[in-house]
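Hello,

Here is the structure you were waiting for. My notes on it follow below.

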Amino acid sequence: MRRYWLMKGAAAIVLIPAFVAALGFVVMLLWNALVPSLFAGPVLGFWQAVGLLVLCRILFGGFRGHGRHHGWRQRAWGGRWHRMTPEERDRFRDGMRRWRHMSHEERREFHRGFRGCGDRMADESGEPKGT
C-alpha cells in the first residue's frame, strides 16, 4: 500500500508541472494569436502566461478542493443520506467498504447490480422493488 502512494506521489511530481507547462504554453499561443491582433494588446512570454493562469485561479477558482467545488456534492448527498432508511445506509456503507477492495472488473460488475436508493433500490435478486 505504501508503495502505491509513493508511486502516486512520484507521478504527481512529474505530471503536475508537465500539465502546468502544457497549459501555460497553450495559453501563451492562444493569447499571442488573438489578443495582439484583436485588441492591440501585448505579446506574452511563457512565464507571463503561467502567471496569468495563476492569477485567474486566484480570482476565479480559489484554492478550495483542487478546483473541484465539493459543496454541491455534499449538499446533494446530505439530502439523499437523510432520505435513506437505516437499512439503506448500512447497505451503502457495506458497499463502499467492499468497493475499496475490488478490482476494476469487480467494480464494473458491482455497479451493474446497483440500482440506487429509495423506491428504486434493488432487492437481493437484482430486480427493483415494487415491480
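The structure holds two aromatic pairs. Rings of Phe, Tyr and Trp (its six-membered ring) pair if their centres lie within 6.5 Å; planes under 30 degrees apart count as stacked, over 60 as edge-to-face and the rest as tilted. Phe 46 and Trp 47 make an edge-to-face pair, 5.0 Å centre to centre with 75° between the planes. Trp 81 and Phe 92 are also edge-to-face, at 6.0 Å and 75°. That pair links distant parts of the chain: Trp 81 sits in helix H3 (residues 71–83) and Phe 92 in helix H4 (residues 86–100), eleven residues apart.

This is a predicted model: local features need pLDDT of at least 70, side-chain atom pairs count only at pLDDT 80 or more, and totals for chains, interfaces and linings use all residues. Residues are numbered from 1 along each chain as its sequence is written, and side-chain values use heavy atoms, with hydrogens and water left out.

Now exposure (buried is under 20% relative accessible area, exposed over 50%, partly exposed in between; 1.4 Å probe, protein chains only). Trp 47 is exposed, because its relative accessible area is 68%. Phe 46 is partly exposed at 26%. Trp 81 is partly exposed at 23%. Phe 92 is partly exposed, also with 23%.

Next, helix H1, residues 2–39. Helices are DSSP runs of H or I, at least four residues, numbered from the N terminus. The buried residues of H1 are Gly 24, Val 27, Met 28 and Val 35. Helix H2 (46–61) is among what covers them, with contact meaning heavy atoms within 4.5 Å. Ala 40 follows H1 and has a positive phi, near 55°.

Best wishes

Conventions
Helix = DSSP H or I, 4+ residues; strand = E, 2+ residues; numbered from the N terminus. Expected span 1.5 Å × (residues − 1).
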